Amino acid sequence: MPFRTIIEPFRIHSTQAITHTTPEQREAALERVGYNLFGLHADDVLIDLLTDSGTGAMSSRQWAAMMDGDESYAGSRSFYRFQDVVRSLTGLKEVIPTHQGRAAERILFSTVVKAGQVVPNNTHFDTTRANIEFCGAEARDLVIPEGRVPATRHPFKGNMDVAALESTIREVGRERIPLVMVTVTNNSGGGQPVSLQNLQAVRAVCERHGIPLYLDACRFAENAYFIKLREPGYASATPREIARRMFALADGCTMSAKKDGLANIGGFLAMNDPTVARECRNLLILTEGFPTYGGLAGYDLEAVATGLDEVLDEEYLKYRLRSTAYLAEKAEQAGVPVVQPPGGHAVYLDAKALLPHLAPAQYPAQALAVELYRVGGVRGVEIGSVMFGKRTPDGGETPAPMELVRLAVPRRTYTQSHIDYVAEVIADVARRKERLRGYRIVEQAPWLRHFTARFEPT
Ligand code: F0G
């Protein structure tokens, strides 16, 4: 087609009202929740870019499939459909449904990870890291050096540093590495893709040392489309073919279907090793449910099965990646540096670059996130030292390598004018950036503190 504009490949079939608040209401809300945006009542948020997880709009096909969900406790037809879809996508034999990604993580790590071990990943997502640390093991991030510098452009900034993986195995010893994980796309590193070439190289190292390779596959379809666009040799492959090649390199995966499953809840754990699968299923029964539903309703399994199919539609992926890049371009035009190139599901504002007057200990990304809400009711999330700062024994803190605010775009939910509004809010904050003040933490939990910490302006 001769037209340049990439449009939403759907029309809107039902709508949900969003509510405007006054500046006074937002200020009161901020004080009430201790400046932690996770504490807000969602009705006090106008445009919610907190996460792309479970917040997307389902299609009429998904809703229709849900009506046909089979709620049998054991052996539900919906489970067999779900299993077929996951098997044909991933090629993995053992399919274990879970209520979301972190349940898959907890079950897998409780089964295969022991205290004192080390799990390499390009970059662990926060729940992945926390679940590994909860087992007494170390979660080690081995993304390529380019992946740690927001302004550096690289087509596959999520790639794992293969030399660093080799030297980690040498240093730690093969027997202390129960598995290697690769997160596609690399959420905590900016939603950046991993190339097939890199996955093949990681696979080769794992094979040489006899270490299983697992994908954290939450955004596998976005990753596949980046490969199609950027990796030589795949321009004419379909996203499904590319996704199959990615999964073919893995011994297993954890999946949050709340992302590229296009569902509001759900996930799975899949692998080839029947012994590991048996142990995982035993734990599943203990805490999630019987192996043919794993904490999900039959209708959820239907929604995920349909979503996993729809997400690989090329028109959808083209629109998805373009609409995220559009927001990134607007933020840059407003003078706010963003992680380059933009990721698949989110735009990451570089608060360290925007607010050089705030030290990491003053949580510049928290300050920026709070200001976007204060000014325009836009909710993003801090991905910086609040989330990943490490507390030291002397009561101090080692800051995170980057101070980012993530604006995650829910799938099929907001229109271009919503995004134009967000860009105006960003521009307004950028104009007054010198006046932004930092924050200090006045209350925090021992792990995953960003969800519940309370702050005070400094
Ligand atoms: N792995 C990655 C890469 C993720 O992004 C997430 C969730 C999980 C695992 C855990 O999945 O939420 O279903 O338990 N990420 C969401 C986010 C919460 O906002 O990025 P879950």
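Author: Start with helix α4, residues 101-112: this helix gives the most to the shell around the ligand, with 3 residues. Bear in mind as you look that the model is predicted. In total, 17 residues surround the ligand, and the closest are Thr 51, Arg 102, Ser 256, Lys 259 and Arg 406. Sorted by class, that shell comes out as 2 nonpolar, 8 polar and 7 charged residues.

Now for some individual contacts. Asn 187 has a polar side-chain atom 2.7 Å from an oxygen atom of the ligand. Arg 219 goes back to oxygen: an N or O atom of its side chain and an oxygen atom of the ligand are 2.9 Å apart. As for how much of the ligand is wrapped up, on its own it has 470 Å² of accessible area, and the protein covers 94% of that.

On to the pockets, which are worked out from the protein atoms alone. The largest pocket has a volume of about 1,400 Å³. It is lined by 37 residues, and Ser 14, Gly 56, Ala 57, Arg 412 and Thr 413 are the closest to its centre. Helix α2, residues 60-67, gives the most to this lining, with 3 residues. Here the classes split into 14 nonpolar, 15 polar and 8 charged. Both domain 1 (23-52 + 313-457) and domain 2 (60-310) take part, each giving at least three residues to the lining of the largest pocket.

The second largest pocket holds about 900 Å³ of space. Its lining has 38 residues, and those nearest the centre are Arg 129, Glu 133, Met 387, Phe 388 and Gly 389. If you want to trace that lining by element, two or more residues come from each of α5 (126-134), β4 (138-141), α15 (385-388) and β12 (390-391). Of these, α5 gives the most, with 7 residues. By class, the lining of the second largest pocket has 17 nonpolar, 11 polar and 10 charged residues. Domain 1 (23-52 + 313-457) and domain 2 (60-310) each supply at least three residues to this second lining too.

Note on methods
Residues are numbered from 1 along each chain as its sequence is written. This is a predicted model: local features need pLDDT of at least 70, side-chain atom pairs count only at pLDDT 80 or more; totals for chains, interfaces and linings use all residues. Side-chain values use heavy atoms; hydrogens and water are left out. On a 1 Å grid over the protein atoms alone, a cavity is a set of points where a 1.4 Å probe fits but cannot get out, and a pocket is an open set with protein on both sides within 12 Å along at least five of seven lines; lining residues have an atom within 4 Å of a point. Grid points are joined across faces, edges and corners, and a volume is the space filled by probe spheres set on the points. Helices (H or I, at least four residues) and strands (E, at least two) are DSSP runs, numbered from the N terminus. Ala, Val, Leu, Ile, Met, Phe, Trp, Tyr, Cys and Pro count as nonpolar, Asp, Glu, Lys and Arg as charged, and the others, Gly among them, as polar. Domain bounds come from an automatic or database domain assignment. A residue is near a molecule or strand if one of its heavy atoms lies within 4 Å of it. A polar contact is a pair of N or O atoms within 3.5 Å; within protein, one must be able to donate a hydrogen and the other to accept it, and residues adjacent in sequence count only if both atoms are side-chain atoms. Accessible areas come from the Shrake-Rupley method with a 1.4 Å probe; for residues, only the protein chains shown count as cover.
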